[in-house]
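Please walk through this structure with attention to how its elements of secondary structure are arranged against one another.

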Amino acid sequence: MEIKVKYFFKKYWHYIVLSIYFILLVYQHSFIHMYGDDYYYGTFLKDNFFKKHIEHYMFINGRALVHFIVSLMLYFETKLFMIVNPLMIIGVITLVAKLAAKDKDDYKIAIASGIVLFSMLSINITRQSVFWLDGSFNYLFPMLLALATIYLLKKSIYTGKTYWYLPVLGLLAGMTVEQATAITFGGILLVLLSSKFINNKKLRFNHYLTLVLAFLGGLTVVLAPGTFMRAEIEGTNINIMENIKKIKEMLFLYKDMQVYNSLLLICVIFWFSLGKDKKFLSKVLFTLNVFFFILVLKIGGNYTALMPIDITSKLISVVVLLGILTFLIGLIYLALYNLIIEKKDIILISLILAIGAQIMMIISPVYGYRILLCTIILYFIPIISTLIKFKENQYIWCLVALILSIHIINTKLTLICTGLIIFEYINNQYNSSLWIKKLNSVIAVLLIVAITSIAIWNNINGYKINHNAHIYNKTAIQRYLKNGASSNDTIILKQMPLYDYGWSYPYVNPYHMKVMKLYYGIDQEVNIEYEPYN
């Protein structure tokens with residue numbers, strides 16, 4: 001019996017971990033409520049459902065598919081979202097793992113790594129793009145469809161199987177939102193080019209049809225009448241040079257991108273140091289990336305602004321820009337090495353799509369944290385691929401633990417991880433004991449599990465603390481409506497104890513105050529006051 005249990009755990013441990021993560025996500029989502037535009041799209045179900053969607057497409061934006069799904073989901077408020085969104089998160093992690101892994105054993109590591117990486121997403125990003133119903137279907141859901149399209153396309157090409165629904169999936173992925181449209185079409189195009197001209201694979205009509213339908217799906221978003229209407233209104237607010245500056249800061253210097261940039265730097269350093277290419281250029285780039293990595297660690301956790309250093313100094317500005325340039329050269333090296341030597345094109349494709357998804361925002365009138373989600377998810381692929389490649393190297397897991405501990409700003413764990421790296425170095429230099437290596441591996445994994453658990457619990461606890469305020473507000477509104485809904489009454493509601501664990505509250509945004517009243521059927525003249533929650 002004991003042998004069977006061990007065999008079962010060894011074979012399916014990744015699914016056990018994934019199931020536990022899913023349960024924790026569902027528990028967290030039981031404390032998530034309606035925010036921001038949820039109230040607006042919730043009004044669509046009250047009357048003239050199809051007419052409102054047509055007007056929205058004609059005058060607001062071209063995201064018809066996602067907002068149609070959002071309004072249907074809101075029929076159940078957030079009850080259905082409580083299950084659907086964790087499933088979408090699991091779906092994204094699973095697809096990333098399948099794209100990054102080559103075999104079943106690597107797939108297990110990829111699943112666990114994907115959970116760790118997703119758990120490290122900052123609340124500043126997830127509150128706008130994951131843990132909010134409308135935001136999730138505008139940012140997470142499109143990435144799920146885009147990744148599914150790219151994965152099935154690659155699988156179809158390399159296995160010879162034909163998936164009749166692949167073109168339909170490409171069409172739907174193209175019909176979501178602007179960033180995902182570009183990622184879907186760009187991803188399909190890059191996969192086809194790589195398969196045809198680099199790997200000499202035979203392409204079929206089904207594959208080309210997927211590309212065409214993804215493009216046509218994208219046109220329904222980009223060329224929607226509402227898109228042009230919005231562009232006319234917001235076009236004067238577009239500042240291309242300002243957007244370029246924001247992209248540089250958000251992508252490379254923003255504090256909540258630091259954990260992923262640091263992990264990518266580790267990937268670059270390991271490919272430089274352990275790859276077959278030991279030439280002079282490789283050594284120079286390796287040295288520069290080590291320097292940049294140390295710089296990132298030094299400033300880690302010690303700043304809250306976009307720019308962690310005094311950017312007014314021209315010398316420092318030049319050093320930062322050179323560091324970014326070196327980092328990009330390192331990523332190019334990593335991608336090309338995998339393409340040419342390892343015969344793996346997905347790393348180059350994912351990095352092109354990740355950076356391209358930000359470059360396309362140069363012409364956007366709005367640039368916020370939520371725009372980073374798709375790029376971060378695409379970063380998962382090269383990070384996980386590198387972890388799999390160097391899975392037997394103890395240093396890489398120690399360094400991952402160190403970076404994660406810095407990310408959650410835990411000094412004790414950071415010191416432990418640093419000590420672990422020193423201990424591993426001493427063991428390799430003077431003793432090279434196998435049992436010490438195994439012990440270090442176990443400790444590193446336990447530290448990564450502990451840090452991931454802390455990050456997951458922080459999200460659960462944050463939304464749980466705000467939950468009671470939401471329940472109080474909903475009860476107060478229902479009581480007001482039940483008592484006759486007099487326009488002379490004042491409704492007293494509570495502010496959220498933790499501002500970050502929610503999005504665009506009515507007491508912050510007047511527009512969302514207006515649509516919340518519409519959703520609940522409260523007269524616009526009714527006074528609503530928010531008090532601190534005690």
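What kind of unit do E1, helix H22 and E2 make? In this predicted model, E1, helix H22 (residues 510-520) and E2 form a β-α-β unit that is right-handed. Strand E1 covers residues 490-494 and strand E2 covers residues 527-531, and the two run parallel, joined by five bridges.

On the H9 side the contact is made by Leu 166, Pro 167, Gly 170, Leu 171 and Gly 174, while H11 contributes Asn 206, Leu 209, Thr 210, Leu 213, Ala 214, Gly 217, Gly 218 and Val 221. Sorted by class, the residues of this contact of H9 with H11 are seven nonpolar and six polar, with no charged residue.

Helix H19 (residues 394-407) and helix H20 (residues 411-431) have axes that come within 8 Å and cross at roughly 165°. An angle over 145 degrees counts as roughly antiparallel, and H19 is therefore roughly antiparallel to H20; the crossing of H19 and H20 is left-handed. From H19, the residues that meet H20 are Gln 394, Tyr 395, Cys 398, Leu 399, Ala 401, Leu 402, Ser 405 and Ile 406, and their counterparts in H20 are Leu 413, Thr 414, Cys 417, Thr 418, Leu 420, Ile 421, Glu 424, Tyr 425 and Asn 428. The contact of H19 with H20 comprises 11 nonpolar, five polar and one charged residues.

How is helix H4 oriented relative to helix H8, given that they pack at an angle of about 135°? The axes of helix H4 (residues 64-73) and helix H8 (residues 133-159) are 9 Å apart at that angle, which makes H4 oblique to H8, and the crossing of H4 and H8 is right-handed. In H4, the residues Val 66, His 67, Ile 69, Val 70 and Met 73 meet Leu 133, Asp 134, Phe 137, Asn 138, Phe 141 and Pro 142 in H8. By class, eight nonpolar, two polar and one charged residues make up the contact of H4 with H8.

Conventions. Residues numbered from 1 in each chain as written. Predicted model: local features only at pLDDT ≥ 70, side-chain atom pairs only at ≥ 80, totals over all residues. Heavy atoms only, no water. Axes fitted to C-alpha atoms, helices over the stretch in contact; angles between N-to-C directions. Helix = DSSP H or I, 4+ residues; strand = E, 2+ residues; numbered from the N terminus. Parallel < 35°, antiparallel > 145°, perpendicular 65-115°, else oblique. Left-handed = near helix turned anticlockwise from the far one by under 90°. Contact = heavy atoms within 4.5 Å. Nonpolar A, V, L, I, M, F, W, Y, C, P; charged D, E, K, R; others polar. Pairing = 2+ DSSP bridges. Right-handed = clockwise from strand over helix to strand, strands pointing away.
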